[in-house]
Structures are given as structure tokens and as C-alpha cells.
Amino acid sequence: MSTTAPELLRVHELHAKAVEGDNDILRGFSLTVREGEVHAIMGPNGSGKSTLANTLLASPAYEVTSGTVVYKGDDISDVSTTERAKRGIFLGFQYPQEISGVSVLQFLRQALSARKGIDLSILELRLAAMDWMKRLGMDSKFVDRHLNQGFSGGEKKRNEIMQMAMLEPDLAILDETDSGLDIDALRIVAKGIREVRAARPQLSIVLITHYQRLLDEVKPDFVHVLVDGRIVATGGMELAERLEKSGYDSFRSERV
Ligand SMILES: Nc1ncnc2c1ncn2[C@@H]1O[C@H](COP(=O)(O)OP(=O)(O)OP(=O)(O)O)[C@@H](O)[C@H]1O
Ligand SMILES: [Mg+2]
């Protein structure tokens, strides 16, 4: 990946806490993402990975106590979740709840209208969705099911990837940590990311994961290790391999 690609996201010395909590969970988190780059973030349970994802999407459950988030050149600290989505930031599992009465296709239509201001007809949307489902190896009946109702883990992943493909974000934040991915779901995510990147090489991804296997297939440009709310090491796949061999202990001691 060329280092001359334009900067998309620059997080500087971010400190953030849960609104309900007392102490900062993110404690000096800094990261720069350029167009088209894939950054993997690995870290022990409780190190602040999901907090990071939620904070980047301005979840009301978290508050930034200091530091800056610059996206496409603008400080977005005061920008709402809806507006961030509109500007092209996508959070996987944004809507994990079941929404009864709303089909996958209807939901996509609303999200697309909010994101891009275009109102596709259901027929146009269905055709576009069919195209992606084919590429992602999905059953075409899927789009008429009610959102997340009785979806298996793998189906939720497929839906997440389809949303990412169709909403055409500029920055996707995928938190794969808590979802108990089995081997098939892992493949779906990896294949999905490859397909979407092939279609839109300028897409940048922050991929939060515990699975070296996922990284083997996705081949991130950078691997970062997050401990106690900040990045303590940055490198390539060799970092993920080191983690696989010796765990997080050796990284914990690198924290100053
Ligand atoms: N809303 C909240 N209220 C109180 N504490 C919270 C809240 N969200 C996160 N925390 C705490 O912040 C710490 C970091 O949580 P977070 O979910 O970000 O970790 P994580 O790195 O995603 O972990 P995992 O690998 O288990 O997914 C944990 O100790 C957690 O209990
Ligand atoms: Mg998490």
C-alpha cells in the first residue's frame, strides 16, 4: 500500500470513558488510516477494542474526555452517529437488534437513503442486492427475511458484509470480537472483505479481531496491538504470529 494515499482518519491521543463509568477506557489511543488501508487491531479482552469502535461511531454510551478524531480533514468530535454514517463511516453490527416487520431489503433501502440520499425502488435495490448476494455466496431468499430475526451467527455476518458492500462506506469498522465466529463465519467475513475491496479498492477498514486466521486470509496492511486503551505495538503479520505464540504478556510489559 502506498504511503502517499490521502489520509482518511487520524485519531490523536484519544481518551474516552463509558458514560456510566468513572475511568477512561481508551487512554491515549492514536491511529492514522489512509485510503485503501486495512488496519487490524488485536488486544486482550477488556483492552478497549469495542469501546474504540463505539467511540468512533459516537455511541451515546461513551464520551470522549480528551483527544481528537479527524476524518476527511474535519474534526468530527461533535458529529452525531447519523451524520458520521452519512459521511461514510460504517460500523459492523450497527443494528444487532431484531427489527420485526422490517425485511433485510427494506432496511437496506432506508440505510441507503440516509447514507447517500438516493431512493432506489425496491426492484432496483433487489437487483443490486442479488448481485452482491451472488458474489458473497448467499441464498437470494435471504433479503426478504426480517432483519436479524432468528439469524444464525453466520447469517448475521453475511448481512453485515452485504450492508458494507451496498452502503459503500469510505471507512468500515468491523468488530469481530464478540460474535463467536465459527470457521464458516470467519470465511464469510474474509471472503466478503476481499470481494468488497476488489470492487472498491479505496475502502479503508479497521478490523478488530482475536483471530490470526482471519488476518491470514484478509492480509491487513498493519497489525496493531491494543493494551489498556492504547496501541503498544504496530507491525505486520509477524505481530499476529508473535501473539499466537506468546500471548499478550510480552506486550503488556511494553507499556510505559
Ligand atoms: N458501557 C460501559 N460501562 C461500563 N464499563 C464499560 C462499558 N463499556 C466497556 N466497559 C469496560 O471497559 C473495558 C473495555 O471494554 P471493551 O468492551 O471495549 O473491551 P474489548 O477490548 O472489546 O474486549 P473483548 O475482547 O472482550 O471484546 C472493560 O473493562 C469493560 O467492562
Ligand atoms: Mg469487544
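Met 138 is buried, with 20 other C-beta atoms within 10 Å, where buried stands for 20 or more such atoms, exposed for 12 or fewer and partly exposed for what falls in between, with C-beta atoms placed from the backbone. This is a predicted model, in which local features need pLDDT of at least 70 and side-chain atom pairs count only at pLDDT 80 or more, while totals for chains, interfaces and linings use all residues. Residues are numbered from 1 along each chain as its sequence is written, and chains are lettered from A and ligands numbered from 1 in the order in which they are written.

Met 138 belongs to the loop between α4 and α5, helices being DSSP runs of H or I with at least four residues, numbered from the N terminus. The C-alpha atoms of Met 138 and Ile 188, 50 residues apart along the chain, are separated by 9.8 Å.

| Residue | In contact with (C-beta atoms within 7 Å) |
|---|---|
| Met 138 | Met 133, Arg 158 |
| Val 189 | Lys 157, Ile 161, Glu 176, Leu 181, Leu 214 |

In helix α4, the buried residues are Ala 129, Trp 132 and Met 133. They cover an arc of only 100° around the axis, which puts them on the same side of α4, the arc being that of the directions from the helix axis to the C-beta atoms. The face turned away from this buried side carries exposed residues, among them Leu 123 and Lys 134, whereas the cover over the buried residues of α4 includes α3 (104-116) and α5 (153-167).

Methods: Helices (H or I, at least four residues) and strands (E, at least two) are DSSP runs, numbered from the N terminus. Two residues are in contact if their C-beta atoms, placed from the backbone, lie within 7 Å. Lists of a residue's contacts leave out its neighbours within four places in sequence.
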